[in-house]
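Good morning, and thank you for joining. I should like to walk through a few packing features of the model now on the screen.

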Amino acid sequence: MSDAPVHTLTELSVEHMDSPLGVATARPRFGWRTESAARDLLQSAYELVVTTGGRPVWESGRVPAPDGVGIEYGGLDLASRTRYDWRVRTWLRGREEPSAWAEATFETSLLRTADWQARWVVPDQEPTLHEQYSLTGALSGAEGPTTPPAERLRPPLHLRQRFTVAGGVRRARLYATARGVYEAELNGRVVGDEVLAPGHDSYPHRLSFQTYEVSELLTEGANVLGLTVADGWWAGRIGLTGSSANYGDRLGAIWQLEIEHEDGSVTTVVSGDDVRAAVGPRRYADLFIGEHHDATRELPGWSTPAFDDSGWRPVTVEDGGLDVLTPFAGEPVRRTREFRPERVLTTPAGDTVVDLGQVIAGRLRIAVSAPRGTVVTLEHSEVLTADGDYFSNILGPNKDQTDHYVAAGRPGEVFEPTFTFHGFRYVRVTGLPQVRVEDVTAVVIGSDLRETSRFATSDPRIDRLHQNVLWSQRANFLSIPTDCPQRERAGWTGDLQVFAPAAATNMDVRQFVERWLDNVRADQLDDGQVPIIVPVIPSIAQDDGAGIGTTSAGWSDAVVIVPWVLYERYGDVRPLRANYGAMTRWVEHQMREAEAGLPPRLADRELAPEQEARQRLLWNTGFHFGDWLAPSTLLESPMPDSVMIAPQRTGELVAAMFHAHSLRLVAEVAAILGHTDDAARYRDRFARVRAAFAAEYVAPDGRLPVEMQGLYVVALAFGLVPDDRRAAALKHLVALVHANDDHLDTGFVSVPYLLDVLWEGGERDLARRLLRQDTAPSWLYAVDRGATTIWEAWTAIAPDGTVSPMSMNHYAFGCVDDWMFRRIAGLQPVEPGYRRSRIEPDLDADVDVVSAAHDTPHGRLSIDWRRSGDTVSVEVTVPHGTVAELALGGAVEHVGSGSHRRTVVHRRAQVESRSTTV
């Protein structure tokens with residue numbers, strides 16, 4: 001065997017990013033991938049060196065390790081605002097010669113509160129009007145504003161600071177954030193490409209700031225730094241109720257510009273009492289309501305040295321407020337793609353409507369050719385009526401989604417709002433005599449996450465379903481994981497809990513989700529409770545009129561389940577370590593609640609001692625959403641009353657099941673982290689809860705006390721049905737599916753497990769049939785009605801075309817995408833981070849061609865298979881540093897890295913629909 005290097009290292013990353021600026025931690029993680037023309041390569045060790053200014057700060061030495069995933073820096077804490085170089089080389093199993101050194105750089109942000117010399121500046125302004133609406137009032141339409149936005153909202157503010165640069169500039173960094181959302185300018189040029197900075201955080205506990213490279217924007221002599229600040233999440237209307245001033249009612253900003261000169265000296269420019277402020281051209285800008293921009297009031301050159309700011313007003317300088325500042329981690333919100341609309345149409349009602357052809361989160365950029373003073377209005381919606389007319393499908397206070405632009409009457413005029421975004425496909429345009437396709441650009445806004453999946457088959461409807469999931473993820477992974485990009489835009493913990501596996505397949509969500517989990521920990525209560533919305537929206541958290549509590553099973557359990565998914569899909573232990581304390585506090589809270597009370601149906605009964613002891617193990621009290629939105633429950637009464645049927649009917653069992661599931665996962669996490677005593681204690685508690693659940697809720701014939709599909713699904717998925725009753729319980733589930741004419745009747749927390757439970761129980765044809773149903777409730781029903789994203793409700797558009805006032809962009813039910821990758825394509829993680837995978841395509845699927853891939857932390861895992869008669873040709877690619885089990889036609893072989901081709905003879909199974917009687 002030759003000792004010559006056969007591999008190279010590529011895609012070097014720090015905190016999952018390529019040569020990042022503004023790394024947010026003093027102890028970052030490194031990563032790399034192995035590339036080679038050879039096959040069957042496995043890493044055995046690495047050596048990593050970090051230097052600054054040519055001086056080593058950490059040398060790992062040769063460290064045994066199977067991969068380059070989540071390799072943690074091991075030296076003394078890194079310094080703030082410092083550039084570091086790093087290099088790495090690796091050894092392969094069975095070879096003595098290492099790879100060549102691979103090199104990259106990164107730079108840290110301001111890592112400590114003491115690094116800040118700046119102070120908060122607050123312009124003179126009229127405080128935001130406090131609009132507070134209740135959940136019940138907002139949902140019923142009984143509450144809402146009675147005056148137009150222009151009379152209620154406050155304008156965004158320009159902030160401007162003069163400073164002088166003496167001498168050449170070697171490097172300059174701007175650190176900035178705001179109470180509100182902001183856009184920075186230097187000498188008339190916009191800084192960076194982020195939008196809606198600083199993003200949504202749990203502002204009372206943490207407020208992210210950005211790091212910008214601004215060296216090329218500075219000039220010797222006079223300079224001006226400008227910030228425009230708008231309401232954003234801080235003061236604007238947010239959440240289901242559309243209430244305002246949730247975190248504060250005055251806008252402010254803070255910044256620190258650090259300039260390193262060629263001679264090594266440093267000039268620091270900080271926000272302070274030399275800042276001046278004024279109102280700009282925007283009458284208001286609200287994330288939900290929209291933006292009103294009056295181009296006749298623009299201030300050309302306002303952020304340049306030549307501008308006369310003598311009429312501007314001074315600001316108030318505030319001390320404090322530095323302890324919550326935290327460097328932004330991960331990829332920010334950006335304009336991620338742009339495209340022309342599909343058409344411009346005239347509706348039967350005579351409206352001019354732009355049809356993008358795709359539901360998005362973002363905004364419209366439109367060319368405006370109109371006389372000075374012309375008001376152009378853009379109204380946004382996701383759907384048209386059955387007759388083709390414009391229809392506003394989002395109800396509730398302050399859900400206008402309407403932008404206004406007052407034309408300046410100049411040539412080449414273009415409008416794109418800056419401080420708002422909308423969830424929409426259709427835009428009704430008024431004020432322009434003509435709108436052409438070439439005058440309009442759809443601008444997609446979202447967190448700029450790298451997409452990591454490919455999925456295509458010979459069935460265009462299945463492909464469209466996958467694309468719908470992907471588009472819903474693009475729209476809702478915007479600063480935080482939201483439920484929908486129009487009505488609420490809230491970080492419902494349950495939504496991400498059910499969707500996390502699909503999310504991690506389709507995009508590199510590591511830092512995005514880890515940052516959200518930072519907010520989860522910040523918002524966790526002292527007694528361990530985990531809110532159902534993170535970041536907490538105070539106006540909703542304080543509203544108890546709807547009877548919804550702080551926590552709920554399946555929602556709050558995200559603090560356990562989501563870090564576990566990150567570990568499972570990326571192989572990095574840090575999310576487990578970072579969230580372990582929050583996990584244990586949560587399950588300990590569940591345990592205390594279980595011991596403290598009984599469910600209402602038992603509260604007034606005298607229980608036998610053994611039953612009471614069992615009940616004290618089961619967390620089954622308090623409010624829980626249960627199997628939320630189970631389709632059959634929504635048919636039992638009119639909205640909105642029907643949505644509370646599932647909580648009332650299923651909450652008790654769902655809570656007990658998720659408590660058991662979280663206990664089991666926390667025990668696993670404790671073992672991985674080396675907390676052996678905790679692991680033993682939580683395993684024992686899980687075993688006792690499991691036995692109590694079986695005794696209380698699982699009859700000898702496998703029946704559950706509530707005959708609903710979702711409850712059987714979750715009980716079977718979480719292993720809570722004793723082995724001797726599993727087959728019977730599965731038969732009951734199958735009977736319920738058949739009784740529903742082979743349609744699903746699963747709600748929020750059970751949909752992710754439905755097809756897997758059937759699949760693993762031997763009911764594979766039934767699982768396939770449910771996926772391919774095209775009448776409601778089903779995934780393809782929406783596809784056949786032209787859906788381009790995942791709907792909130794299975795029948796958001798009725799069979800007769802009637803449109804409901806529901807969200808057409810909720811990713812939760814798109815969790816099926818994970819099943820399609822794992823079952824149809826067959827790409828399955830077996831060990832964390834896909835270090836070992838199983839490739840087991842469904843050769844009985846009703847498709848003839850499948851092409852799928854997922855970019856794992858080690859590289860691309862892919863499969864392409866094609867059927868021709870009874871012959872199936874298969875090509876798979878396994879990333880270097882990993883191994884795979886290839887399961888085809890009943891045979892399993894172990895394959896190493898590289899490409900592999902196989903041909904198998906496999907007659908597609910033909911299984912007819914059948915009924916099951918239990």
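**Helix packing and aromatic contacts**

In this predicted model, the buried residues of helix α15 pack against α13 (676-697), α14 (709-717), α16 (751-760) and α17 (764-772). Those buried residues include Arg725, Leu730, Leu733 and Val737. As to its length, α15 has 17 residues, 723-739, and should span 24 Å at 1.5 Å a residue; its end C-alpha atoms lie 25 Å apart, which agrees. Just after α15, Asp741 adopts a positive phi of about 60°.

I turn now to the aromatic residues. The structure contains 33 aromatic pairs. In one of them, the ring centres of Trp759 and Trp819 are 5.5 Å apart and the planes stand at 85°; since edge-to-face requires over 60 degrees, the pair is edge-to-face. Trp759 belongs to helix α16 and Trp819 to helix α19, so this pair ties together parts 60 residues apart in sequence. Both Trp759 and Trp819 are buried.

A second pair is formed by Trp794 and Phe813, with centres 4.4 Å apart and planes at 15°, so the pair is stacked. Both residues sit in the loop between α18 and α19, 19 residues apart. Trp794 is buried at a relative accessible area of 9%, and Phe813 is buried at 4%. Trp794 and Phe813 also belong to one aromatic cluster, whose members include Trp492, Trp555 and Trp779.

Finally, the arginines. Which side chain does the side chain of Arg237 contact? Arg237, buried with a relative accessible area of 1%, makes a polar contact with the side chain of Glu131 at 2.9 Å. The charged end of Arg62, in turn, sits over the ring of Trp91, 4.3 Å from its centre.

Note on methods. Residues numbered from 1 in each chain as written. Predicted model: local features only at pLDDT ≥ 70, side-chain atom pairs only at ≥ 80, totals over all residues. Heavy atoms only, no water. Helix = DSSP H or I, 4+ residues; strand = E, 2+ residues; numbered from the N terminus. Expected span 1.5 Å × (residues − 1). Buried < 20%, exposed > 50% of the residue type's maximum accessible area, 1.4 Å probe, protein only. Contact = heavy atoms within 4.5 Å. Polar contact = N/O pair within 3.5 Å; in protein donor to acceptor, adjacent residues only side chain to side chain. Phe/Tyr/Trp six-rings, centres within 6.5 Å; stacked < 30°, edge-to-face > 60°. Lys NZ or Arg CZ within 6 Å of the ring centre and 35° of its normal.
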